[in-house]
Amino acid sequence: MRFSLLNVDGNARVGTLRVGAWTLPTPMFMPVATQGTVKAMTPLALREVGADIILCNTYHLYLRPGHDVVAAAGGLRGFTSWDGPVLTDSGGFQVYSLSPLRKIKEDGVQFKSHIDGSTHFIGPIEAMQIQRALGADIVMAFDECPPYPATYEYVRSSLQLTTRWARQCKEAHDGRQLLFGIIQGGEYEDLRRQSAAELKALDFDGYALGGVSVGEPKDMMYDIVSYMAPEMPQDKPRYLMGVGFPQDILHAVEAGFDMFDCVIPTRTARHGTLLTHSGRISIKAQRYKTDTTPLDPLCQCYTCKNFSRSYLNHLFRAKEILSITLNTIHNLHFYFELMSDIRSAITQGRFKDFKAQWLKDYGVVP
(Lines give C-alpha, C1' and ligand atoms only; values in the text may rest on other atoms or scores of the structure.)
Protein backbone atom coordinates (compact mmCIF):
# COMPACT_ATOMS: atom_id res chain seq x y z
CA MET A 1 0.00 0.00 0.00
CA ARG A 2 1.21 3.51 -0.79
CA PHE A 3 -0.86 4.86 2.10
CA SER A 4 -0.35 3.51 5.61
CA LEU A 5 -2.32 4.33 8.74
CA LEU A 6 -0.15 4.55 11.85
CA ASN A 7 -2.55 5.80 14.53
CA VAL A 8 -6.26 6.56 14.87
CA ASP A 9 -7.84 8.74 17.56
CA GLY A 10 -11.60 8.72 17.10
CA ASN A 11 -11.92 9.41 13.37
CA ALA A 12 -8.70 11.46 13.23
CA ARG A 13 -5.84 9.61 11.52
CA VAL A 14 -2.05 9.76 11.36
CA GLY A 15 -0.37 8.03 8.46
CA THR A 16 2.20 8.18 5.71
CA LEU A 17 1.77 8.55 1.97
CA ARG A 18 4.55 7.24 -0.25
CA VAL A 19 4.96 9.39 -3.37
CA GLY A 20 7.87 8.32 -5.56
CA ALA A 21 11.01 8.53 -3.45
CA TRP A 22 9.29 10.52 -0.71
CA THR A 23 7.32 9.42 2.32
CA LEU A 24 4.98 12.19 3.48
CA PRO A 25 3.35 12.40 6.92
CA THR A 26 -0.40 12.88 7.13
CA PRO A 27 -2.44 14.89 7.96
CA MET A 28 -0.54 17.32 5.76
CA PHE A 29 -0.97 20.78 4.28
CA MET A 30 0.09 21.58 0.71
CA PRO A 31 0.96 25.21 -0.06
CA VAL A 32 -0.52 26.44 -3.33
CA ALA A 33 1.99 27.11 -6.10
CA THR A 34 -0.61 27.85 -8.77
CA GLN A 35 1.76 28.94 -11.52
CA GLY A 36 4.78 26.95 -10.36
CA THR A 37 5.58 29.22 -7.44
CA VAL A 38 4.30 29.80 -3.93
CA LYS A 39 4.06 33.57 -4.06
CA ALA A 40 7.01 35.39 -2.42
CA MET A 41 8.78 32.13 -1.53
CA THR A 42 11.85 30.44 -2.99
CA PRO A 43 11.97 26.63 -3.06
CA LEU A 44 14.64 26.76 -0.35
CA ALA A 45 12.47 28.99 1.83
CA LEU A 46 9.58 26.57 1.39
CA ARG A 47 11.71 23.70 2.65
CA GLU A 48 12.89 25.77 5.59
CA VAL A 49 9.34 26.53 6.76
CA GLY A 50 8.39 22.84 6.56
CA ALA A 51 6.83 22.18 3.14
CA ASP A 52 7.00 18.58 1.90
CA ILE A 53 4.84 18.88 -1.23
CA ILE A 54 3.40 21.72 -3.33
CA LEU A 55 0.25 22.07 -5.41
CA CYS A 56 0.41 23.46 -8.95
CA ASN A 57 -2.48 24.07 -11.30
CA THR A 58 -3.08 22.46 -14.67
CA TYR A 59 -5.31 25.25 -16.04
CA HIS A 60 -2.87 28.06 -15.32
CA LEU A 61 0.26 26.23 -16.47
CA TYR A 62 -1.49 25.04 -19.62
CA LEU A 63 -2.30 28.65 -20.52
CA ARG A 64 1.08 30.06 -19.43
CA PRO A 65 3.83 29.13 -20.16
CA GLY A 66 2.32 25.98 -21.71
CA HIS A 67 2.74 22.39 -20.58
CA ASP A 68 5.06 21.74 -23.52
CA VAL A 69 7.46 24.38 -22.16
CA VAL A 70 7.39 22.77 -18.71
CA ALA A 71 7.89 19.30 -20.17
CA ALA A 72 10.91 20.47 -22.17
CA ALA A 73 12.46 21.79 -18.94
CA GLY A 74 12.18 18.40 -17.27
CA GLY A 75 8.71 18.75 -15.77
CA LEU A 76 7.74 20.90 -12.84
CA ARG A 77 10.72 19.93 -10.70
CA GLY A 78 13.18 20.76 -13.44
CA PHE A 79 11.30 23.93 -14.37
CA THR A 80 10.88 25.29 -10.83
CA SER A 81 13.89 23.74 -9.01
CA TRP A 82 11.53 22.42 -6.32
CA ASP A 83 13.10 19.18 -5.10
CA GLY A 84 9.98 17.52 -3.66
CA PRO A 85 6.77 15.94 -4.90
CA VAL A 86 4.10 17.91 -6.75
CA LEU A 87 0.33 17.54 -6.94
CA THR A 88 -1.54 19.12 -9.84
CA ASP A 89 -5.21 20.06 -9.77
CA SER A 90 -6.99 19.00 -12.95
CA GLY A 91 -8.14 22.54 -13.80
CA GLY A 92 -11.83 21.78 -13.45
CA PHE A 93 -12.33 24.27 -10.62
CA GLN A 94 -10.50 27.06 -12.48
CA VAL A 95 -12.58 26.48 -15.60
CA TYR A 96 -15.62 26.89 -13.34
CA SER A 97 -14.38 29.92 -11.40
CA LEU A 98 -12.42 31.88 -14.02
CA SER A 99 -14.39 31.17 -17.20
CA PRO A 100 -18.05 32.14 -16.69
CA LEU A 101 -18.75 31.80 -20.43
CA ARG A 102 -17.57 28.19 -20.56
CA LYS A 103 -19.51 25.64 -22.62
CA ILE A 104 -19.77 22.22 -21.02
CA LYS A 105 -19.95 19.35 -23.50
CA GLU A 106 -19.93 15.58 -23.18
CA ASP A 107 -16.24 15.34 -23.96
CA GLY A 108 -15.02 18.36 -22.00
CA VAL A 109 -15.26 22.12 -21.57
CA GLN A 110 -14.71 24.89 -24.09
CA PHE A 111 -13.66 28.09 -22.35
CA LYS A 112 -12.03 31.46 -22.89
CA SER A 113 -8.68 32.25 -21.30
CA HIS A 114 -8.88 34.75 -18.45
CA ILE A 115 -5.53 36.09 -19.71
CA ASP A 116 -6.26 37.05 -23.32
CA GLY A 117 -9.75 35.78 -24.16
CA SER A 118 -8.51 33.06 -26.51
CA THR A 119 -10.65 29.92 -26.83
CA HIS A 120 -9.46 26.58 -25.45
CA PHE A 121 -10.76 23.10 -24.73
CA ILE A 122 -9.95 20.73 -21.88
CA GLY A 123 -11.64 17.41 -21.26
CA PRO A 124 -10.65 14.35 -19.24
CA ILE A 125 -8.23 13.10 -21.91
CA GLU A 126 -6.59 16.50 -22.32
CA ALA A 127 -6.35 17.00 -18.54
CA MET A 128 -4.50 13.72 -18.18
CA GLN A 129 -2.17 14.54 -21.07
CA ILE A 130 -1.36 17.98 -19.66
CA GLN A 131 -0.71 16.65 -16.15
CA ARG A 132 1.51 13.90 -17.57
CA ALA A 133 3.53 16.52 -19.44
CA LEU A 134 3.82 18.65 -16.29
CA GLY A 135 5.40 15.67 -14.55
CA ALA A 136 3.32 15.82 -11.37
CA ASP A 137 3.50 12.97 -8.86
CA ILE A 138 -0.18 13.13 -7.88
CA VAL A 139 -2.76 14.09 -10.51
CA MET A 140 -6.47 14.75 -10.24
CA ALA A 141 -9.30 13.47 -12.38
CA PHE A 142 -11.10 16.11 -14.44
CA ASP A 143 -14.44 17.08 -12.91
CA GLU A 144 -17.24 19.58 -13.20
CA CYS A 145 -17.66 21.74 -10.11
CA PRO A 146 -21.31 22.80 -9.75
CA PRO A 147 -22.00 26.26 -8.34
CA TYR A 148 -23.75 26.99 -5.07
CA PRO A 149 -26.67 27.17 -5.01
CA ALA A 150 -27.75 24.87 -7.84
CA THR A 151 -30.87 22.84 -8.45
CA TYR A 152 -30.97 19.15 -7.64
CA GLU A 153 -31.51 18.33 -11.32
CA TYR A 154 -28.46 20.33 -12.39
CA VAL A 155 -26.19 18.81 -9.74
CA ARG A 156 -27.38 15.29 -10.55
CA SER A 157 -26.63 15.79 -14.24
CA SER A 158 -23.26 17.36 -13.38
CA LEU A 159 -22.43 14.43 -11.12
CA GLN A 160 -23.20 11.92 -13.85
CA LEU A 161 -20.89 13.80 -16.20
CA THR A 162 -18.12 13.92 -13.57
CA THR A 163 -18.39 10.14 -13.12
CA ARG A 164 -18.12 9.56 -16.88
CA TRP A 165 -15.10 11.86 -17.03
CA ALA A 166 -13.53 10.08 -14.04
CA ARG A 167 -13.86 6.78 -15.88
CA GLN A 168 -12.15 8.26 -18.94
CA CYS A 169 -9.34 9.64 -16.78
CA LYS A 170 -8.85 6.24 -15.23
CA GLU A 171 -8.71 4.61 -18.68
CA ALA A 172 -6.19 7.21 -19.92
CA HIS A 173 -4.00 6.86 -16.82
CA ASP A 174 -0.68 5.12 -17.49
CA GLY A 175 0.08 4.30 -13.86
CA ARG A 176 3.19 6.44 -13.53
CA GLN A 177 1.43 9.03 -11.38
CA LEU A 178 -0.95 8.62 -8.45
CA LEU A 179 -4.47 9.43 -9.67
CA PHE A 180 -7.14 10.78 -7.31
CA GLY A 181 -10.86 10.91 -8.06
CA ILE A 182 -12.90 13.95 -7.05
CA ILE A 183 -16.26 13.48 -5.30
CA GLN A 184 -18.89 16.04 -6.22
CA GLY A 185 -22.63 16.33 -5.51
CA GLY A 186 -23.09 19.89 -4.34
CA GLU A 187 -25.17 20.44 -1.21
CA TYR A 188 -27.19 17.23 -1.69
CA GLU A 189 -26.25 14.41 0.67
CA ASP A 190 -27.67 11.59 -1.44
CA LEU A 191 -25.76 12.82 -4.51
CA ARG A 192 -22.56 13.15 -2.49
CA ARG A 193 -22.91 9.55 -1.33
CA GLN A 194 -23.72 8.43 -4.87
CA SER A 195 -20.60 10.15 -6.20
CA ALA A 196 -18.42 8.47 -3.57
CA ALA A 197 -19.85 5.04 -4.38
CA GLU A 198 -19.34 5.47 -8.12
CA LEU A 199 -15.76 6.64 -7.73
CA LYS A 200 -14.88 3.92 -5.23
CA ALA A 201 -15.92 1.38 -7.85
CA LEU A 202 -13.21 2.82 -10.13
CA ASP A 203 -10.51 2.18 -7.50
CA PHE A 204 -8.49 5.40 -7.56
CA ASP A 205 -5.22 5.81 -5.66
CA GLY A 206 -6.86 8.43 -3.44
CA TYR A 207 -10.11 10.34 -3.12
CA ALA A 208 -10.77 14.06 -2.90
CA LEU A 209 -13.85 15.91 -1.73
CA GLY A 210 -14.40 18.79 -4.15
CA GLY A 211 -17.02 21.48 -4.59
CA VAL A 212 -16.92 22.72 -0.99
CA SER A 213 -16.04 26.22 0.17
CA VAL A 214 -17.64 27.59 -3.01
CA GLY A 215 -20.04 29.96 -1.27
CA GLU A 216 -22.12 27.61 0.87
CA PRO A 217 -22.64 28.40 4.59
CA LYS A 218 -19.87 27.21 6.88
CA ASP A 219 -22.22 24.91 8.79
CA MET A 220 -23.22 23.21 5.54
CA MET A 221 -19.58 22.68 4.59
CA TYR A 222 -18.87 21.16 8.01
CA ASP A 223 -21.87 18.84 7.65
CA ILE A 224 -20.70 17.66 4.21
CA VAL A 225 -17.19 17.05 5.53
CA SER A 226 -18.52 15.08 8.52
CA TYR A 227 -20.87 12.75 6.67
CA MET A 228 -18.61 12.23 3.67
CA ALA A 229 -15.37 11.19 5.38
CA PRO A 230 -16.79 7.76 6.36
CA GLU A 231 -17.97 7.28 2.76
CA MET A 232 -14.37 7.45 1.53
CA PRO A 233 -12.10 4.38 1.64
CA GLN A 234 -10.27 3.88 4.92
CA ASP A 235 -7.14 2.56 3.23
CA LYS A 236 -6.72 5.46 0.79
CA PRO A 237 -5.76 9.10 1.42
CA ARG A 238 -8.69 11.49 1.84
CA TYR A 239 -8.10 14.96 0.41
CA LEU A 240 -10.30 17.97 1.22
CA MET A 241 -9.75 20.42 -1.61
CA GLY A 242 -9.40 24.16 -1.09
CA VAL A 243 -9.97 24.21 2.68
CA GLY A 244 -9.07 26.31 4.53
CA PHE A 245 -8.74 28.27 7.73
CA PRO A 246 -7.04 26.55 10.70
CA GLN A 247 -10.37 25.87 12.41
CA ASP A 248 -11.67 24.27 9.20
CA ILE A 249 -8.66 21.97 9.02
CA LEU A 250 -9.10 20.93 12.66
CA HIS A 251 -12.74 20.06 12.00
CA ALA A 252 -11.86 18.07 8.89
CA VAL A 253 -9.04 16.20 10.63
CA GLU A 254 -11.50 15.24 13.36
CA ALA A 255 -13.81 13.89 10.65
CA GLY A 256 -11.02 11.78 9.14
CA PHE A 257 -9.36 13.80 6.34
CA ASP A 258 -5.64 13.54 5.59
CA MET A 259 -4.69 16.17 2.98
CA PHE A 260 -5.40 19.88 2.64
CA ASP A 261 -4.53 22.82 0.41
CA CYS A 262 -5.60 26.43 0.48
CA VAL A 263 -4.40 29.91 -0.51
CA ILE A 264 -5.44 31.31 2.89
CA PRO A 265 -1.99 31.50 4.56
CA THR A 266 -0.28 33.09 1.55
CA ARG A 267 -3.13 35.34 0.41
CA THR A 268 -3.83 36.74 3.87
CA ALA A 269 -0.09 37.31 4.35
CA ARG A 270 0.00 39.53 1.26
CA HIS A 271 -2.85 41.58 2.71
CA GLY A 272 -1.23 41.99 6.11
CA THR A 273 -3.29 39.44 8.06
CA LEU A 274 -1.05 37.24 10.19
CA LEU A 275 -1.96 34.13 12.16
CA THR A 276 -0.74 33.81 15.75
CA HIS A 277 -1.35 31.35 18.57
CA SER A 278 -3.70 33.91 20.12
CA GLY A 279 -5.62 34.67 16.93
CA ARG A 280 -5.40 36.67 13.71
CA ILE A 281 -3.94 40.17 13.67
CA SER A 282 -3.83 42.87 11.01
CA ILE A 283 -0.22 44.02 11.05
CA LYS A 284 -1.10 47.25 9.23
CA ALA A 285 -3.05 48.51 12.27
CA GLN A 286 -1.78 51.74 13.81
CA ARG A 287 -1.33 50.13 17.25
CA TYR A 288 1.58 48.05 15.95
CA LYS A 289 3.59 51.07 14.77
CA THR A 290 5.61 51.21 17.99
CA ASP A 291 5.16 47.61 19.17
CA THR A 292 8.67 46.18 19.46
CA THR A 293 7.58 42.69 20.57
CA PRO A 294 7.83 39.66 18.26
CA LEU A 295 4.88 38.95 16.02
CA ASP A 296 4.10 35.72 17.91
CA PRO A 297 6.22 34.99 21.01
CA LEU A 298 5.35 31.27 20.72
CA CYS A 299 6.54 30.99 17.12
CA GLN A 300 10.08 29.99 16.11
CA CYS A 301 9.90 31.01 12.44
CA TYR A 302 12.54 33.26 10.87
CA THR A 303 10.18 36.24 10.93
CA CYS A 304 9.26 35.96 14.59
CA LYS A 305 12.83 35.31 15.75
CA ASN A 306 14.28 38.32 13.96
CA PHE A 307 11.70 41.09 13.46
CA SER A 308 9.28 43.09 15.57
CA ARG A 309 5.64 43.92 14.94
CA SER A 310 6.75 47.54 14.52
CA TYR A 311 9.11 46.63 11.68
CA LEU A 312 6.51 44.42 9.98
CA ASN A 313 4.00 47.27 10.29
CA HIS A 314 6.50 49.65 8.70
CA LEU A 315 7.26 47.29 5.80
CA PHE A 316 3.60 46.78 5.01
CA ARG A 317 2.75 50.48 5.14
CA ALA A 318 5.77 51.30 2.99
CA LYS A 319 4.68 48.64 0.47
CA GLU A 320 8.05 46.93 0.65
CA ILE A 321 8.37 43.56 -1.10
CA LEU A 322 10.04 42.17 2.02
CA SER A 323 6.74 42.62 3.86
CA ILE A 324 5.08 39.96 1.71
CA THR A 325 8.00 37.56 2.08
CA LEU A 326 8.27 37.83 5.87
CA ASN A 327 4.50 37.63 6.33
CA THR A 328 4.28 34.56 4.08
CA ILE A 329 7.16 32.82 5.86
CA HIS A 330 5.33 33.25 9.15
CA ASN A 331 1.86 32.18 7.99
CA LEU A 332 3.15 29.06 6.25
CA HIS A 333 5.32 28.13 9.24
CA PHE A 334 2.23 28.56 11.43
CA TYR A 335 0.29 26.09 9.26
CA PHE A 336 3.05 23.50 9.17
CA GLU A 337 3.54 23.76 12.93
CA LEU A 338 -0.21 23.24 13.37
CA MET A 339 -0.11 20.10 11.22
CA SER A 340 2.84 18.75 13.21
CA ASP A 341 1.02 19.42 16.48
CA ILE A 342 -2.10 17.72 15.09
CA ARG A 343 -0.12 14.60 14.20
CA SER A 344 1.45 14.49 17.66
CA ALA A 345 -1.93 14.90 19.37
CA ILE A 346 -3.49 12.07 17.35
CA THR A 347 -0.51 9.80 17.99
CA GLN A 348 -0.82 10.45 21.72
CA GLY A 349 -4.61 9.93 21.74
CA ARG A 350 -5.44 13.48 22.83
CA PHE A 351 -6.70 15.12 19.65
CA LYS A 352 -10.12 16.10 21.01
CA ASP A 353 -8.59 17.97 23.95
CA PHE A 354 -5.90 19.48 21.71
CA LYS A 355 -8.50 20.81 19.27
CA ALA A 356 -10.61 22.36 22.05
CA GLN A 357 -7.64 24.08 23.69
CA TRP A 358 -6.18 25.27 20.39
CA LEU A 359 -9.46 26.86 19.31
CA LYS A 360 -9.89 28.49 22.73
CA ASP A 361 -6.41 30.02 22.57
CA TYR A 362 -7.01 31.12 18.98
CA GLY A 363 -10.25 32.80 19.96
CA VAL A 364 -12.60 30.69 17.83
CA VAL A 365 -15.79 29.14 19.17
CA PRO A 366 -15.97 25.47 18.05
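Predicted model: local features only at pLDDT ≥ 70, side-chain atom pairs only at ≥ 80, totals over all residues.

Biologist: What makes β8 and β9 a pair, and in which sense do they run?

Modeller: Two strands pair if DSSP finds at least two bridges between them. Strand β8 (residues 108–112) and β9 have four bridges, in the antiparallel sense, so they meet that rule. As for the names, helices (H or I, at least four residues) and strands (E, at least two) are DSSP runs numbered from the N terminus. Six residues sit between the strands of this hairpin, and Gly 117 takes a positive phi near 80 degrees there.

Biologist: Which strands stand at the edges of the sheet, and why?

Modeller: The open sheet has three strands in the order β7-β8-β9, with antiparallel pairing. β7 (103–105) and β9 are at the edges because each has a single partner strand, so one side of each is left without a neighbour in the sheet. On average, neighbouring strands are turned by 20 degrees against each other, direction ignored. Helix α7 (residues 152–172) packs on this sheet by touching β7 and β8, and its direction makes about 60 degrees with that of β7. Those angles come from lines fitted to C-alpha atoms, for helices over the stretch in contact, and run from 0 to 180 degrees between N-to-C directions.

Biologist: Why does Cys 301 count as buried?

Modeller: Cys 301 has a relative accessibility of 1%, so it counts as buried. The residue lies in the loop between β16 (279–282) and α12 (302–306). Its contacts, meaning heavy atoms within 4.5 Å, are His 330 and His 333 once neighbours within four places in sequence are set aside.

Biologist: Which residues does UniProt list for "binding site"?

Modeller: The unreviewed UniProt entry gives Cys 299, Cys 301, Cys 304 and His 330. They spread over 32 residues of sequence, yet cluster in space, with 8.4 Å as the largest C-alpha distance. UniProt positions use the numbering used here, feature names are shortened, and annotations may be inferred rather than shown by experiment.

Biologist: And what about His 330: buried or exposed?

Modeller: Buried, because its relative accessible area is 0%. His 330 sits in helix α14 (residues 321–347). Beyond four places in sequence, its contacts include Cys 299, Cys 301 and Cys 304, along with Asp 296. Asn 331, also in helix α14, is buried too, with a relative accessible area of 0%.

Biologist: What makes the link between Asp 174 and Arg 132 a salt bridge?

Modeller: The rule asks for a side-chain nitrogen of Lys or Arg within 4 Å of a carboxyl oxygen of Asp or Glu. Here the closest N and O atoms are 3.1 Å apart, so the pair qualifies. Asp 174 is in the loop between α7 and β11 (178–183) and Arg 132 in helix α6 (residues 124–134), so the bridge ties together parts 42 residues apart in sequence. Both also belong to a network of salt bridges with Arg 176.

Biologist: How many salt bridges does the rule give?

Modeller: Twelve. One of them joins Glu 254 and Lys 355, at 2.5 Å from N to O. Glu 254 lies in helix α10 (residues 246–255) and Lys 355 in helix α15 (residues 351–362), so that pair ties together parts 101 residues apart in sequence. Glu 254 is partly exposed at 29%, whereas Lys 355, at 12%, counts as buried.

Terms used
Residues numbered from 1 in each chain as written. Heavy atoms only, no water. Buried < 20%, exposed > 50% of the residue type's maximum accessible area, 1.4 Å probe, protein only.
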